[in-house]
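Please look over the sequence and the model below.

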Amino acid sequence: MKFRKLAAAFSACILAACCTSCEKNNEESVSLPEIGENGVSDLISPAADSDEYELGQYYYSTNGTKLYCGDETVPVEAVLALDNYFLSFQNNDFEGYKSTIYPDYAERYETYLRDVYSKEEGVDDDYSLKNSFDLRYNMIRDTLKDTLTYESDEEKKFTGDYKLTRIRAEHPVYEEGVTEEAFIQSFFESYKDVFETDYYEFVNNNVDRLLPLTMFVMASAEDGNEHKIVSEANIILAEKDGKYYTFG
């Protein structure tokens, strides 16, 4: 299948399967298979008559998230890094968030926020990386609350609580004439002004590799159903000494 057909199939199958899956999950806790030293289970193949068969094979993380790799060239460790990243927002865990982002980026962006952004009118005098984290944390919850309020037939106040259920990562599809290197460079373009340096060159020279991915993130919400909290978003991961880091 082509990427977009796979993406459509993934979303459609989740919509078809989520009601059944979530009802079962609400009735009884899911018993996770044994998790290996790499933080994930063995590869699981859904039964042919399963509601999730067309979603493809997946791994379980310690968190209970189903991790889908677009193909065999997408490392499960990279998808696990995304799980840990979004888990920090789920649990409002700032220290966990800091452990998932590239250390040099965290330092530079912290300095930028304190030295530049804090001086803007109406902004906290001590605006920091924690404020940026809080903004993302609330944005995910507020978007989910809006979705639930819109879809609900009853007047109910939602909290925005959720639990990660699935993350899928695939290689991006590039526009005609765009190479992977050009795609990655464009991702770092905005940091030239922010950090006053060629940040692509710096990072590229200090990591083992840069890995572009397109990701989909699903979560179970208060209505007992799965909802997309991220749909077909591009991200760059940096691999250093076997560990994957995000930017932002």
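Ile167 stands opposite Val217 in β4. This is a predicted model: local features need pLDDT of at least 70, side-chain atom pairs count only at pLDDT 80 or more, and totals for chains, interfaces and linings use all residues. Residues are numbered from 1 along each chain as its sequence is written, and side-chain values use heavy atoms, with hydrogens and water left out.

Strand β3 (residues 162–170) and β4 run antiparallel, joined by eight bridges. On strand β5 (residues 226–240), 11 bridges join β4, again antiparallel. There, Leu211 has Leu237 in β5 as its bridge partner. Two strands pair if DSSP finds at least two bridges between them. Strands (E, at least two residues) and helices (H or I, at least four) are DSSP runs, numbered from the N terminus.

The hairpin of β4 and β5 has four residues between the strands, and Gly224 in this hairpin takes a positive phi near 85°. Of the 13 residues of β4 (residues 209–221), 12 are buried, so the strand is largely enclosed by the rest of the structure. Buried means under 20% relative accessible area, exposed over 50%, and partly exposed in between (1.4 Å probe, protein chains only).

## Aromatic pairs

The structure holds 30 aromatic pairs. Rings of Phe, Tyr and Trp (its six-membered ring) pair if their centres lie within 6.5 Å; planes under 30 degrees apart count as stacked, over 60 as edge-to-face and the rest as tilted. Tyr102 and Tyr245 form an edge-to-face pair, 6.1 Å centre to centre with 70° between the planes. Tyr102 lies in the loop between α3 (94–100) and α4 (103–115) and Tyr245 in strand β6 (residues 243–245), so the pair ties together parts 143 residues apart in sequence. Both Tyr102 and Tyr245 are buried.

Phe188 and Tyr200 form a tilted pair, 6.2 Å centre to centre and 50° between the planes. Phe188 sits in helix α6 (residues 180–188) and Tyr200 in helix α8 (residues 199–206), 12 residues apart. Phe188 counts as buried at 1% relative accessibility. Tyr200 counts as buried at 13%.

## Helix α2

Helix α2 (residues 76–90) has 15 residues. From first C-alpha to last it reaches 21 Å, close to the 21 Å expected at 1.5 Å a residue. That expected span is 1.5 Å times one less than the number of residues.

Burial is the rule here too: 13 of the 15 residues of α2 are buried, so the helix is largely enclosed by the rest of the structure. Asn92 follows α2, with a positive phi near 50°.
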